Amino acid sequence: MPLRPLSEQFGETVEWEALRNAKSHSVARLICDFGTQGYRFVEARRSGSGDETIIVDVHVNRPQLYVHPLKAVELLALHFPADDRQPTILALRDDFPDVPHTNPGHRDDPRSLCIDDRPWTEAKLNWTPSDFLVRIHIWLGKTARGELHGDVRAPEPLFVAAGPVVIVDRTLIDAAGTGPTELAVHRADAEINREILIATLPSTPLPFPRLGIALIAIVAERREMGALRFPPRTLGELADELGDIGLKALIRARILEWTSHAWNKGTQPQRDPDQLGWRLGILVAFPVATESGDKVGILDLKAFMTFETVAQIGVKMGCLEEANGLHARSLTTRDSAAADAVELVCGEVHFGHDRKLASQISGAEGVDLRRAVLVGAGTVGSHVAANLAKEGRYTWDVIDGDYLLPHNVPRHVLPRAEVGRSKAAALARFLDGMNRYPEQSGHLTADVLSNDPSTEAAVKSKLETADMIMDASASIAVSRRLAAWPDTMTRRLSFFFNSDGTDAVLLAEPNDRSTSLRELEAQHYAMVAQVPALRGHLHTSEATIPYSGACRQATNRMPETRAALLSALISGAIPGALSTEQGSISIWRTKDGAVERVSASAGKWQRLAIDDWSIVLSDDVAKAITGFREQHLPAETGGVLLGVLDMEAHSIHVSVALEPPSDSKGSESEFERGVSGLRSRIAAITEQTGGQLVYVGEWHSHPKGYAATPSPKDLLQLAELAELLDMNGVPALMGIANDDGVRIHSATKPDVDLPVSLIIVKEATDERA
């Protein structure tokens, strides 16, 4: 449609020097007096309201092959309102192309260029005439080249909408793609100014008032991204916009279908069906392509609602007749042109919250439906599961034998209303309420450590069907049990807070489970003993709060803000830990509002058996012993081995080798370990690790060319160690380092004959003597 004459749009011409608006005058002066490159002044105008406009020719920096057909020179109007409103830039040719990033308007309005996506309240703070002209020039050049929007960003919608917001499930939009779908509309809150409506299938109950709106959902043909426009204002305009869909025929068929339901074998109804008294709504999904046109980027969802009832529209369409207050099918075909003028109000449509939306908002690549079994629904477990569920991650099974008590509520995701209920069941309900899962979250109120056969079978069944097992029990016993049971390749993770509630820990097994939670636990203790940044990490606080009169019923002081922070750190690291095949340890420490992270890859371990005991040696220990040996060659040297002792499992994890005490003596033929500071050093490490790292044996080296087989003196020392330790049958260990590496030896049950088991861990077969 031809544009209106300039005089009708912008008023009469004036000299640019006579412009009164400070912004318009400064822009005109920059173009006319300073010859701003790319601009040629044409004329200036002022309207009766005081608005001022500068007409300019602008040279477009376009390539020979352009995406949008802009001309080499475009005639633009730079319009400056008399009041404090944002200047507008209008294209003054009626065939200006439909391009992205234009301000809303009707098809017969000049195209308004959107050169700045900031609100005017912010943009005006640093507005300058030169920046204003540069932005116009950039907009034109990038638009011509198809670079202004690009395919990385989602396409812009087709229409603006200031009406109500309608929320509808993605599945209902998908169903509308196969044919029109009838929906019911509910209003959640009558107190807010803008209507927020929730659309469901008519058979879906909601605890909100149902409004008298009959909503029909349809999917339109694909659209190319172009100028942002005001939406159709009448039923006729919407029918024209939808083109081949045949909107009026579709509405007519649905009205007749509703009407026919009111008749029973031809008997006249006592009243109209409910739908005829409701307003009509049409929910349209417009597929909008990316700027390059390669693919559909978004569904622009809009809801068009009438102010008239379905019955009134049916009469205007000529498909209904009214008699005695009732409506029935029209027996004659009448003109439907009257329905074209039915007014519409356009509203936004939002997809309902689901896993896909949660995944998209969180930045995840896609929906992750893997089943995660969460053992422990306490503070850290509930927060981490809630965080990951909000991101659309995983389908959950929760195992916990405890129940929610009042002292749990201040730092738990469950509300006070759940007090007295099973944590597992309540958290599963909470997670289900957060996302609509394809499968309902499961739960089991049970103790993982229970020896009851039925409980054990139920827990095992949950664990065996998991894709991952997450230990949030904050129990060493539970973590160690899950490390070995059930015997499957399901990957395990363990996460917890330290006892002071200042630090968080995440242990993640490698994908092949070559390092289990047991080894990661021992490595964690070794890091605490050896990394200065972890000093005090496992300190046990005495500042607890009793929550009942019973013995030992107390909890530590930890605010919800810190619980939420530490849980978020764990939650954010879990997807990354699971995305790699390697295992890892992550420790976050908080102090004075700052967070420090200490991390390490899962170490490698060597395993051997001594009688009914399992001995596991860290490769880091072997490397440390080898390093100490190299430092002292050609003399012998030695020190102490520390490890994690589990009497119930009959296992020792050797994770720390201490350097020789300062008063040690060594030569090429012998070594005598000193004792200076050793007792206090071991005691300090044991205290730093919460009593978990203890003395388990000795190590020493042999000079070059000597085997790692114990000498008679070594055998005597092993026997003395076993007698000295007196650990109720626990093997006393000796690590001997030579050119081939480190080998572990043990004395078991020393007696007169001194029986000794010799275990060579660097070779494929064990040697026993």
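## Contacts of Met470

Leaving out neighbours within four places in sequence, Met470 is in contact with Ala372, Val373, Leu374, Val375, Leu388, Tyr394, Trp396, Leu493, Phe495 and Ile574. Contact means heavy atoms within 4.5 Å. The model is predicted: local features need pLDDT of at least 70, side-chain atom pairs count only at pLDDT 80 or more, and totals for chains, interfaces and linings use all residues. Residues are numbered from 1 along each chain as its sequence is written, and side-chain values use heavy atoms, with hydrogens and water left out.

## Nonpolar cores

A nonpolar core is a set of buried Ala, Val, Leu, Ile, Met, Phe, Trp, Tyr and Cys residues joined through side-chain atoms within 4.5 Å. Buried means under 20% relative accessible area, exposed means over 50%, and partly exposed lies in between (1.4 Å probe, protein chains only). The largest core has 34 residues, and those with the most contacts inside it are Leu374, Tyr394, Trp396, Met470, Phe495, Ile570 and Ile574. Elements that give two or more residues to this core include strand E17 (368-375), helix H10 (379-390), strand E18 (393-399), strand E20 (468-471) and helix H15 (560-579). H15 gives the most, with 7 residues. Helices (H or I, at least four residues) and strands (E, at least two) are DSSP runs, numbered from the N terminus.

Another core lies apart from this one; it has 32 residues, among them Ile255, Leu256, Ile282 and Leu344.

## The sheet of 8 strands

An open sheet of 8 strands runs in the order E19-E18-E17-E20-E21-E22-E25-E26, with mixed pairing. Two strands pair if DSSP finds at least two bridges between them. Strand E19 (442-444) and strand E26 (594-601) stand at the edges with a single partner strand each, so one side of each has no neighbour in the sheet. Inside the sheet, E17 and E20 pair in the parallel sense over 4 bridges, and Leu374 stands opposite Met470 in E20.

H10 lies across E17, E18, E20 and E21, and runs at about 155 degrees to E18. H11 packs on the sheet as well, touching E17, E18 and E19, at about 160 degrees to the direction of E18. For these angles, axes are lines fitted to C-alpha atoms (for helices, over the stretch in contact), and values run from 0 to 180 degrees between N-to-C directions.

## The sheet of 7 strands

The order E1-E2-E3-E4-E5-E7-E6 describes an open sheet of 7 strands with antiparallel pairing. Strand E1 (12-14) and strand E6 (102-103) each have a single partner strand, so one side of each is left without a neighbour in the sheet. E5 (residues 88-91) and E7 (residues 111-113) pair in the antiparallel sense over 3 bridges, with Ile89 opposite Leu113 in E7. Helix H2 (residues 22-32) packs on the sheet, touching E2, E3 and E4, and its direction makes about 30 degrees with that of E3.

## Aromatic rings

Rings of Phe, Tyr and Trp (its six-membered ring) pair if their centres lie within 6.5 Å; planes under 30 degrees apart count as stacked, over 60 as edge-to-face and the rest as tilted. By this rule there are 4 aromatic pairs. Trp127 and Phe132 have ring centres 5.5 Å apart and planes at 45 degrees, so this pair is tilted. Trp127 counts as buried at 18% relative accessibility, and Phe132 is buried at 3%. Tyr394 and Trp396 form an edge-to-face pair, 5.8 Å centre to centre with 70 degrees between the planes, and both are buried.
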